[in-house]
Amino acid sequence: MPSQMQAILWAEWRSLMHFRPREGAAGAALAGLMALAWYALWCLLGAAAYSFVTAASVEKLARALPRVLMFVLLYWQLSPVLTASLGASLAFEKLLVYPIPFRQLFTVETLLRLLTSFEIIILLAGVSLGLARNPAVPAWAAVSAVAMYGASNLLLSAGLRQALERVLARKRLREILLLVLVLSAAVPQVLFVTGIPGWMERLWAAPPLEWWPWTVTAKLALGARWPLGWLIAAGWLALAWWFGRWQFARSLRFDARAQSSGAYTPRLRKAWVDHLFRWPALVLPDPMAAAIEKELRSLVRTPRFRLVFLMGFTFGPLIWMPISFGREQAGSVVVSNYLTFVSAYALVLLGDVTFWNALGPDRSAAQFYYLLPAPFSRILAAKNLTALVVVLVEVTVVMLACLALRMPLVAGKIVEAYAVTLTLSVYLMAMGNLSSVYYPTAVYAERSGSPGSPARFRALLFLLYPVAATPIALAYLARYAFSSGIAFYLVLAMAASLGAIVYAVAMDSATEAASRRREQILAALGEGGGAVDAWGGG
Amino acid sequence: MAESQFAIRVRDLRKLYGGKPAVDGLSLEVPRGCFFGFLGPNGAGKTTTIRMLIGLAPPDSGSIELLGLASPDHAMEIKRRIGLVPDESLLFDRLTGGEFLEFVGRMYGLERRVARERAGELLALFELDGERGKLIAEYSKGMRKRASMAAALIHRPDLLLLDEPFEGVDAVGARLMKELLQTLVREGVTIFLTSHVLEVVERLCDRVAIIHQGRLVLEGIVEELRHGDETLEDLFVRAVGAERTLERLEWL
C-alpha cells in the first residue's frame, strides 16, 4: 500500500483510538446496541438470501436474481441520497495541501464508500456465497460476476457522492434538493395505501432488459456461456470507474466557498425583513428580547432549520395522510386527530434544531453567555421561548396546509392541536435544556443534511419521546374512558401543570450543570475533526 | 532548464466570491530567498491569494507559477516543495502533536522513521515536547500555531507560505519563530508572510506588497517605499487610504 495512503489510514486509526464519547457510557452503549440490532437484521436477511439461493433451482434464480440485484443497486446508490447521510469522506481542505497523488486519494475515498451502505454488502455477500454453494451454478462465475457488480456499485456510489456533495454546496439548490428527497421518501407510504399504479405494475412484471447491469450479472452468475455478457459487465465496470474518477477529479477542483458565498441582497428587502425580527422588543424587556431576536435571526438563516420547518407542513401532512385516510382507515384515531398528529410530528422535527442541542449552533461563541451579567437560565429560557414561537407558527402553517388540502377540521380539533403540541413542547424543552448542557456538540449551520443533535444522543431520543408523551397519552385515555372532552382537557391541564414543574426543576438542574461543566461544554462546542470528515450529509 | 529567479510569480489573478471580486487582477513577483511581507486590511484578499497559491481555491482567471513551476500543471511537485501555515487550522484535533507531525512528514513522502525523528526534534524546538500525550484539541491557540509551523517545516520546504503565523503566540514563541525564519531565509528559503503586526513585518521583511480590495496598491523594498522617517504603519495607512481622525464618542 502506498505510504501516503498508509499515513491517512494510520492518522484516522489514531484519531479513533483517542476518541472518547462525550455522551457517556450509557449513550454510547445504547447507540452501539442499536447499530448492532440494525446490522444483525441485515445479517439475518443475508443469511435468508444465502439459504434461499443455495437451494433454489436455476429457473427460480433466473427470475429472482435480477430483481434482487436491482434492489441492491437502488439501495446502494439511493439510500445515502434519501437519508442525506453521505457518510465518511476525506477532509479535502486538510489534505489537499499535501502532495498526495490523485490515485491514492481516489482509492481511499472509494474504499470509504464501503462503509456508507455496509448493510447491502452483507446482503450481497449472502447472495454471492449462496450462489457459490449452489451445485447447479458454477462457483467461479457466480463469485466473479457478483464481485464485478459490487465493484461497479462501489465506484458508482463514489461518483454519485461527489456529484451530490457539489450540488449540496450550492445553498438554495441544496435546500430544494433535500426537500424533494425528503418528500420522495413518502412515496412508498402513498403507494402502499393508494395501490401501485397500473403502469408501474406492468413495468415490474415486464421481462428485464438484457443489457442492464443486474440482468447481465444475474445471467453470468448463473453460469450462462455468454462472452458478450462478460464484455458488457466489464463495460459497466469501466463506465462506473470512469464516472467515479471524473466526479472525484471535479470535486478536487471544486471551490465550495465560492459556491456557498451568497449573492448580493438588495438593501430594501433586508430592511423589510428586519422589522419582522424586532417584535420581541415590543413585548419583552432586554436582555430576553435581544436574545430571542438573535435566536430568530440565526434560525431563519440556518439551512437546516428552513428544511425542517418546510418539512413540518409538507412532508408531515403527506406522510400522515395515507395512514389517516387510506383504505380501511376511515374513522380511526389518527383521522380524528390528524392535525394533532401532524403538529406533534412537526414539533419532533423542529426539536432537532431548536432545543435538543440549543447551544450547538452557537459553537465556541457560546462562551459569550458565560460573560453576560445575566443568569444562564435566562439564555436557555430565551432559546425555549423562541422555539415555542416557532412551534406555534409551524402549527398554524400546518393547520393552513390541512385546510388547503380540504381536510375535515373543526374548531375544537384546532384548539386541541395547539394545546397538545404546547404541552408536549414543555416536556421536550425541559429534557432539551438538560441535553443541551450534558451533550453539547458543535453544529455547522451551513450543512442542511446534518442533524443538529449528536449521533449517540439521537439514540436516547427513542426513549425520551415516549416518556414525554405519556402525560398527554393519559389525557387521551381519560377521553376514551369517560367519553368526555372535559375529562380530556382536565387531564391535559394537569399534564401541563406537571410539565411546568418538570420544566422548572430541569431548568435549575441545567443551569447548575451549565456552570459546573462550563469547560467541558466550551471544549465540546469548539471541537474540530480529522483526516476523514465525520458522518453526515451536506 | 534554468531555475526561475522568482519563487512566486502570479499574473492577473482574479477570484470572485458571490459575484464580488476577492482578488482582482493581482500580479506579483517574489524573488527567491526573499522574506516577503504581504499586507492588507481585513478582507483585502490575502488569505484568498494564499488559498489560490496552494491550490485550495482555483482562480477564476490568471496564472500562478511557484518555484518556476506552473500551477496547477505541476501541482504535486509544487506541493512537495512548499510549507504552509494557514490562518485556519488544518490540524487534526484528535491526534497528539507528535502523531500529527509524523503524519504530515509521511504525507510529504518521508520514511516513517525519519518522519518520527523529525517530529520529535520539531516538538522539542517548538517547546511542545512537554505535552507529548496531549491531543491537539486541547492545545491553546499559540500551541496550535506552533504545531502548524512545525508541520510546515518537517519536509524542509523551499517556499514557506505563512498566514498570520504569530497570531496568539506568546513573546518567547514568537521570538523563536522569527529567529528560525530569518535563519531559513539566510539559507535560501523564500518566505511569503501575511501579518497584521506591522512592526514584525518591518523588522523581518525585505520586500512588501500591500493589497486593498483585491488589488495590489503598493509593492517594493521597504526602505525605498518609505518617505523620510515614515514607519511601515504610516505607509500602510497611506496606501490603503484609511487615514482618518479619531472621532471621540461622547459616552466612551
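## Notes on a predicted two-chain model

1. Contact here means that the C-beta atoms of two residues, placed from the backbone, lie within 7 Å. This is a predicted model, in which local features need pLDDT of at least 70 and side-chain atom pairs count only at pLDDT 80 or more, while totals for chains, interfaces and linings use all residues. Residues are numbered from 1 along each chain as its sequence is written, with chains lettered from A and ligands numbered from 1 in the order in which they are written.

2. A:Ala221 also belongs to the largest nonpolar core, which has 131 residues; the members that touch the most others are A:Ala221, B:Phe100, B:Ala150, B:Leu161, B:Ile191 and B:Phe192. Helix H7 of chain A (residues 139–168) gives the largest share of this core, 13 residues. Another core, of 64 residues, lies apart from it and includes A:Leu178, A:Val395, A:Ala417 and A:Ala478. A nonpolar core is a set of buried Ala, Val, Leu, Ile, Met, Phe, Trp, Tyr and Cys residues joined through C-beta atoms within 7 Å. A residue is buried if 20 or more other C-beta atoms lie within 10 Å of its own, exposed if 12 or fewer, and partly exposed in between, with C-beta atoms placed from the backbone. In soluble globular proteins, nonpolar side chains tend to be buried together.

3. Now for the two chains in outline. Chain A has 26 helices and two strands, and 38% of its 538 residues count as buried. Chain B has nine helices and ten strands, and buried residues make up 46% of its 252 residues. Helices (H or I, at least four residues) and strands (E, at least two) are DSSP runs, numbered from the N terminus. Of the contacts in chain A with a separation of 6 or more, 82% are between residues 24 or more positions apart. In chain B, 66% of the contacts between residues at least 6 apart in sequence join residues at least 24 apart.

4. What is the angle between H1(A) and helix H3 (residues 97–107) of chain B? They pack at about 165°, with their axes 8 Å apart, and are therefore roughly antiparallel to each other. The axes are lines fitted to C-alpha atoms, for helices over the stretch in contact, and angles run from 0 to 180 degrees between N-to-C directions. Angles under 35 degrees count as roughly parallel, over 145 as roughly antiparallel, 65 to 115 as roughly perpendicular and the rest as oblique. The crossing of H1(A) and H3(B) is left-handed; that is, the near helix is turned anticlockwise from the far one by less than a right angle, whereas clockwise would be right-handed.

5. As for the residues involved, A:Ser3, A:Gln4, A:Ala7, A:Ala11 and A:Arg14 of H1(A) meet B:Glu99, B:Phe103, B:Arg106 and B:Met107 of H3(B). By class, this contact has four nonpolar, two polar and three charged residues. Ala, Val, Leu, Ile, Met, Phe, Trp, Tyr, Cys and Pro count as nonpolar, Asp, Glu, Lys and Arg as charged, and the others, Gly among them, as polar.

6. H1(A) also packs against helix H5 (residues 102–116) of chain A, at an angle of about 40° and with the axes 9 Å apart, which makes H1(A) oblique to H5(A). This crossing is right-handed. A:Gln4, A:Met5 and A:Ile8 of H1(A) meet A:Gln104, A:Thr107 and A:Val108 of H5(A), a contact with three nonpolar, three polar and no charged residues. A:Ile8 sits in H1(A), residues 3–18, and is buried because 25 other C-beta atoms lie within 10 Å. A:Ile8 and A:Val108 are 100 residues apart in sequence and 8.5 Å apart in space, C-alpha to C-alpha.

7. Some backbone details in chain B deserve a look. The peptide bond from B:Ser71 to B:Pro72 is cis, with omega near 10°, and B:Pro72 lies in the loop between strand E5 (69–71) and helix H2 (75–81). B:Glu127, in the loop between helix H4 (112–125) and helix H5 (141–153) of chain B, has a positive phi of about 55° although it is not a glycine.
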